Amino acid sequence: MKDWPLWEVFIRSKNGLHHKHAGSLHAADAQMAIENARDVYTRRNEGNSIWVVKSTDIVASDPEDGDMLFEAAKSKIYRHPTFYQLPDEVNNM
Amino acid sequence: MNNNLYQYLLQLGDNALILGQRLCEWTGVAPELEIDLALSNIGLDLLGQANQWYEYAAELKGGDATPDTIAFLRDAHEYRNVQLVELPNGNFADTILRAVIFDTFNLLLHEALTQSSDQRIGAIAARAVKEISYHARYSKNWTLRLGGGTEESHQKAQKALNDIWDYAFEALTPGPVDHWAKEAGIGPDLEQVKSKWEATLQQVFRLASLQIPKPGFVDRKAKSEGIHTEHLGYILAEMQFLQRAYPNLQW
């Protein structure tokens with residue numbers, strides 16, 4: 001069981017929301033990963049949908065590229081739609 | 001009090017409580033963290049089911065009876081679980097093979113109980129079926145993995161099946177209370193449950209490349225007369241210690 005690959009787990013807490021990264025776990029195959037994720041991450045009623053993906057299949061940005069990728073987005077307040085009044089009927093924005 | 005109904009509820013509650021207690025013994029020592037959590041989850045599902053059966057039983061009994069007095073203040077001979085669920089966990093394969101045998105029975109039983117003439121039983125069973133469906137899937141998938149895995153896992157799974165098979169049939173063999181339940185429309189005909197149970201397990205064991213042994217001694221009377229193995233006393237000693245040492249202790 002030491003050879004079990006690592007899986008990343010994404011849980012959707014309720015309908016209408018998106019899946020959020022919950023953590024990672026070990027499992028021999030995709031089916032076992034779903035079952036393990038159910039047991040590890042949803043036992044206190046945290047979700048109604050699970051995604052799993054092998055950790056090796058995740059492509060991550062390089063921390064070295066931080067400035068190039070993210071610096072440009074800072075100090076552009078006009079990109080944030082915070083000047084609107086949201087009607088009460090619009091939930092989960 | 002309807003003693004037959006009370007005994008029938010004890011059969012249901014005691015199976016759930018004792019297997020739940022056994023599965024929670026894996027906490028902290030299972031082969032993987034994920035298995036540790038899974039077995040404890042299943043154990044806690046069973047504990048919740050036991051509580052519901054005991055609530056109904058306590059109402060029937062009346063007086064000072066509560067689910068706690070039923071769980072903590074009965075001695076071994078008053079328990080009505082089958083011997084299968086009180087056997088020690090053994091290794092992981094032993095636990096899984098016991099689970100697939102019991103869960104398959106338990107799922108068929110609770111599916112039938114949703115049609116019970118007793119509405120309270122039907123409602124409890126309808127809720128429990130969702131949990132037990134998962135238990136049955138979990139133990140089936142692990143049986144397939146162990147049986148079809150490495151040479152060592154296959155050998156351990158086959159040995160586990162050989163060791164436990166004689167205990168499998170008590171749950172499927174009707175006792176006086178099961179006959180009463182069938183006549184009253186409260187519980188199913190266990191002969192019908194047994195034929196579905198055998199068909200399901202034959203398929204699982206064939207897929208897992210496991211040979212079904214010939215049944216040996218099957219005349220066990222734990223659920224009908226309270227004749228248990230020595231193991232139940234040790235379970236109760238641990239489970240009931242606090243209530244016995246400090247009567248009426250509150251958590």
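What percentage of the 93 residues of chain A count as buried? In this predicted model, the share is 17%, where a residue is called buried if 20 or more other C-beta atoms lie within 10 Å of its own, exposed if 12 or fewer, and partly exposed in between, with C-beta atoms placed from the backbone.

## Basis of the model

Residues are numbered from 1 along each chain as its sequence is written, while chains are lettered from A and ligands numbered from 1 in the order in which they are written. Because the model is predicted, local features need pLDDT of at least 70 and side-chain atom pairs count only at pLDDT 80 or more, whereas totals for chains, interfaces and linings use all residues.

## Chain A: overall form

Chain A has 2 helices and 3 strands, in the order β-β-α-β-α from the N terminus on; helices (H or I, at least four residues) and strands (E, at least two) are DSSP runs, numbered from the N terminus. The C-alpha trace of chain A spans about 50 × 40 × 15 Å along its principal axes. Its radius of gyration is 18 Å, whereas a compact globule of 93 residues would have a value near 12 Å; this radius is taken over C-alpha atoms, and the globule rule is 2.2 Å times the number of residues to the power 0.38.

Among contacts in chain A between residues at least 6 apart in sequence, 46% join residues at least 24 apart, two residues being in contact if their C-beta atoms, placed from the backbone, lie within 7 Å.

## Chain A: the strands and a loop residue

Strand 1 of chain A pairs in the antiparallel sense with strand 2 of chain A over 6 bridges, and strand 1 of chain A also pairs in the antiparallel sense with strand 3 (residues 49-54) of chain A over 6 bridges; two strands are said to pair if DSSP finds at least two bridges between them. On the strand 2 side, Phe10(A) has His21(A) as its bridge partner, and on the strand 3 side, Ile11(A) stands opposite Ile50(A). In a regular strand the side chains alternate between the two faces of the sheet.

The loop between helix 1 and strand 3 of chain A holds Asn45(A), whose phi is near 65°, a positive value in a residue other than glycine. Asn45(A) is exposed, with 7 other C-beta atoms within 10 Å.

## Chain B: overall form

Chain B comes to 11 helices and 0 strands. Its radius of gyration is 18 Å, close to the 18 Å that the globule rule gives for 251 residues, so chain B is as compact as a globular protein of that length. The C-alpha trace of chain B spans about 55 × 40 × 30 Å along its principal axes, and 45% of the 251 residues of chain B count as buried. Among contacts in chain B between residues at least 6 apart in sequence, 75% join residues at least 24 apart.

The segment after helix 11 (231-245) of chain B contains Asn248(B), which has a phi near 65°, a positive value in a residue other than glycine. Asn248(B) is exposed, with 7 other C-beta atoms within 10 Å.

Helix 1 (residues 3-24) of chain B has 22 residues and reaches 31 Å from its first C-alpha to its last, close to the 32 Å expected at 1.5 Å a residue, the expected span being 1.5 Å times one less than the number of residues. Of these 22 residues, 17 are buried, so helix 1 of chain B is largely enclosed by the rest of the structure.

The largest nonpolar core has 86 residues, of which Trp53(B) and Leu84(B) touch the most other members; such a core is a set of buried Ala, Val, Leu, Ile, Met, Phe, Trp, Tyr and Cys residues joined through C-beta atoms within 7 Å. Helix 5 (residues 92-113) of chain B gives the most to this core, with 13 residues. Leaving aside its neighbours within four places in sequence, Trp53(B) is in contact with Leu9(B), Leu12(B), Gly13(B), Ala16(B) and Ile124(B).

## Where the chains meet

In the interface, 10 residues of chain A are in contact with 8 residues of chain B. Strand 2 (20-26) and helix 1 (30-41) of chain A each supply at least two residues of the side of chain A that touches chain B, and helix 1 of chain A gives the most to that side, with 5 residues. By class, this side of chain A has 4 nonpolar, 3 polar and 3 charged residues, where Ala, Val, Leu, Ile, Met, Phe, Trp, Tyr, Cys and Pro count as nonpolar, Asp, Glu, Lys and Arg as charged, and the others, Gly among them, as polar.
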